[in-house]
Amino acid sequence: MHGQDLSDLWTIKLVGECLVAATRHAALTAGPTAPKAVKAIDYSFGLPFVDDITTAAADERRRPPLYDPVTVSRLEDALTWQARYLSDDPISVETLKVWIRAKTSPGASFDEACKACGWSRSGAYRELDTARGTIAQGLNTDRVPIWRP
């Protein structure tokens, strides 16, 4: 990686931004009638502080963002990253899902989610960085082109 421009690499921050954008897009456009692969992802976790993102997005549904077909394909692909790159790490998957849920739910925070789950804050953030880092590494290895939501 010496001499390589870091703007040409997936980072944990960019992976997180894309996953949040993909989840919001799925909630706004597909709602409860999402494709089977998208509906299979459970974002509820039984956490009492989190509203249903399809309900939270109801006002935005009137004016969902207009994405070009390439961006829509990228957003849909991002919904598969957890299964593709974290299939052997259920703890990372769970941590990442809770983080995404907190980021896409109005008034929720990951810190509150950690408390609700009984996780230590530092341990959860470490696991979150591991999850996003593993995905970033997989995307870089697979030479997936960089895109930004």
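Tryptophan 10 and tryptophan 147 are both buried. The model is predicted. It has 4 aromatic pairs. A pair of aromatic rings is described by the distance of the centres and the angle of the planes.

**The tryptophan pair**
- The ring centres of tryptophan 10 and tryptophan 147 are 6.2 Å apart, and their planes meet at 80°.
- An angle over 60 degrees counts as edge-to-face, so tryptophan 10 and tryptophan 147 form an edge-to-face pair.
- Tryptophan 10 lies in the segment before helix H1 (12-29).
- Tryptophan 147 lies in the segment after helix H9 (121-141).
- The pair therefore ties together parts that are 137 residues apart in sequence.
- Trp10 and Trp147 also belong to a cluster with Trp81, linked by ring pairs.

**The phenylalanine–tyrosine pair**
- Phenylalanine 110 and tyrosine 125 have ring centres 5.0 Å apart.
- Their planes stand at 90°, so this pair is edge-to-face.
- Phenylalanine 110 is in helix H8 (residues 110-117), and tyrosine 125 is in helix H9.
- The two residues are 15 apart in the chain, and their pair links distant parts of it.
- Phenylalanine 110 has a relative accessibility of 6% and counts as buried, because the cut-off for buried is under 20%.
- Tyrosine 125 is partly exposed, at a relative accessible area of 28%.

**A charge over a ring**
- Arginine 132 places its charged end over the ring of tryptophan 99.
- The distance from that charged end to the ring centre of tryptophan 99 is 4.9 Å.

Conventions
Residues are numbered from 1 along each chain as its sequence is written. This is a predicted model: local features need pLDDT of at least 70, side-chain atom pairs count only at pLDDT 80 or more; totals for chains, interfaces and linings use all residues. Side-chain values use heavy atoms; hydrogens and water are left out. Rings of Phe, Tyr and Trp (its six-membered ring) pair if their centres lie within 6.5 Å; planes under 30 degrees apart count as stacked, over 60 as edge-to-face and the rest as tilted. Helices (H or I, at least four residues) and strands (E, at least two) are DSSP runs, numbered from the N terminus. Buried means under 20% relative accessible area, exposed over 50%, partly exposed in between (1.4 Å probe, protein chains only). A charge sits over a ring if NZ of Lys or CZ of Arg is within 6 Å of the ring centre and within 35 degrees of the ring normal.
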